[in-house]
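I am opening a page for a structure that is new to me. My notes follow in the order in which I looked things up.

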Amino acid sequence: MYALVDCNNFYASCERAFNPALRNKPIAILSNNDGCVISRSDEAKALKLPMGAPIFKWDSFCKANNILVFSSNYPLYGDMSSRIMKILEQFTPDIEIYSIDESFLEFKGFENHDFKDYGNQIRTRVLKWTGIPTCVGIAPTKALSKVANKIARKFPEQTKGVYVIDSDEKRIKALKWITLEDVWGIGRGLQKRLKAKGCKTAYDFTQLPDDWVRKSFSITAWKLKKDLEGISKIKLDEVEAKRAIATTRSFEYTYSDIDNIKERISTFATSCAEKLRKQGSSCHVIYVVLSSDKHKKDLQQHRASRVVNLPYPTDSSLIISQEAVQSVSHIFKKGIKYKRAGVIVMGLVPTNNHQLQMFEHENPKHKPLMYTIDKLNEKYANYKVKLGSQDLKRTWKMRQERLSPRYTTNINDIIVVK
Amino acid sequence: MILHKSNALTFFTPNPIKGLGAPFFDTGISAGFPSPAEDFKEQRLSLDKELVKNKEATFFARVSGQSMIGAGLDDNDLLVIDRSLEPSHNKIAVCFLDGEFTVKRLKVNTDGVWLKPENPNYPIIKITAENDFIIWGIVTNVIKKV
């Protein structure tokens, strides 16, 4: 059996856990730099504040409807997420952390368990220990556990946040209820083609012939179909290394000076390199992108990118930063007000088994140097060790005008009790 | 290991061996007698381990005010709170009451729940259905600067 445990409106729930006065109030959380809405409480959803709403357009709507708006507080959400995942590990050793607020659990050898009861225990423990409400869907396959989770979320009165699909009758009822858009793994392309075939619900999809699905779509679609039939084909993923790592940001202000942009790019490149080292990958390709503010139509628009192919894969901040900064000189145009930039590293290979190159090679000193930099930054936090091309005086400041305290990661921000 | 041999050149592949790094003795061996304490080394004491029994459920809070001085909770003290513990009679709890956090001793009997300050200048609070009330966590330790 599999379970999908999903935190309800996770970011909003984290804010509420440390500020219970926010319970039952409509709240919304903004993306990095206070751009647009990325999480809403049920109350804010009911007021029809759309997901992704740019706040500069919706601010007056929020004020008029008493929707409380917060900057995203990732130190808090990250810490709460890791607490929750650790608690989930107490229920089974087989767990796949699917996102910051979702995990798949697999129960091997739990045949005679009362899963409804076990699901309740999971939900109750997470809620009591962290204050975060979750929904738990339990079923014989991963795809069905997602469906069960949707049911638990949609019908809180009847399910109390836990739903188990443990009979064919329940499975068919669930599949007839859920539309294609809501099925995990059915992307827009597949959705379109299935609709053309007359499929409306997940149940219709499972009634298509196996061979035909396999031939006309893909092995993935076939696996999903089997999973929905109750035959487990999609297995718990071991944490898969990412195929590309990106650091892209909007700037606080626009920049038309190349040195400022070079500094930003160097910082983004360093951050990509650090992420590479964390997952044990090296990259072959660096992609650098600059763009002007596309919302300011009256200004001259410019968007440019450049791809650098490296002669050998690397995870060294020095090389990635140097290459990325050089690309800036090639694509930068004078007179443009740049608002956004990014570095994406691709062509990732595991660092431990590169092919050795005959002539071109990374300076072997980089490896121990990077290790030392990572350790120092871990120890002293806030990136004390930087490259010379990064601005040493300032730490980059995101726009976070409505930030809540870092209740769990900063001793000066902990809750105050009278 | 010889990989390829031609008339002029012989190629070798290196034979990497893992795990043969020399042990590093941080006691400093100065060609004499090794430290007799080395064999008896133990982990340093950790306050974290002592004060935080359940990492996932432990949070901290700062005391503001005098209402619990009788229980040794002074203004500005640091509280260790374990949310996993069950609230019960006589435990000190961090509660959320009508819009703010408060720390008080729980008094529970068949007639109801009271929040009892440990300072005669503060009133006992009876919790009624009118109150917006949750017990947020149980206080396990108080840390104070002296």
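The model I am reading is a predicted one.

Chain B. With that cut-off, I looked up the contacts in chain B between residues at least 6 apart in sequence, and 50% of them join residues at least 24 apart. I then listed its secondary structure, which comes to 1 helix and 9 strands, and along the sequence these follow the pattern β-β-α-β-β-β-β-β-β-β.

Where the chains touch. I looked up which residues meet and found 13 residues of chain A in contact with 21 residues of chain B. On the chain A side, α4 (74-88), α5 (115-130) and β13 (415-417) each supply at least two residues, and by class that side has 8 nonpolar, 1 polar and 4 charged residues.

Helix α6 of chain A. This helix covers residues 142-154, and its 13 residues reach 19 Å from the first C-alpha to the last, close to the 18 Å expected at 1.5 Å a residue. I noted that 11 of the 13 residues of α6(A) are buried, so the helix is largely enclosed by the rest of the structure; among the buried ones are A:K142, A:L144, A:V147 and A:I151.

Methods:
Residues numbered from 1 in each chain as written. Chains lettered and ligands numbered in written order. Predicted model: local features only at pLDDT ≥ 70, side-chain atom pairs only at ≥ 80, totals over all residues. Contact = placed C-beta atoms within 7 Å. Helix = DSSP H or I, 4+ residues; strand = E, 2+ residues; numbered from the N terminus. Nonpolar A, V, L, I, M, F, W, Y, C, P; charged D, E, K, R; others polar. Expected span 1.5 Å × (residues − 1). Buried ≥ 20, exposed ≤ 12 C-beta atoms within 10 Å, placed from the backbone.
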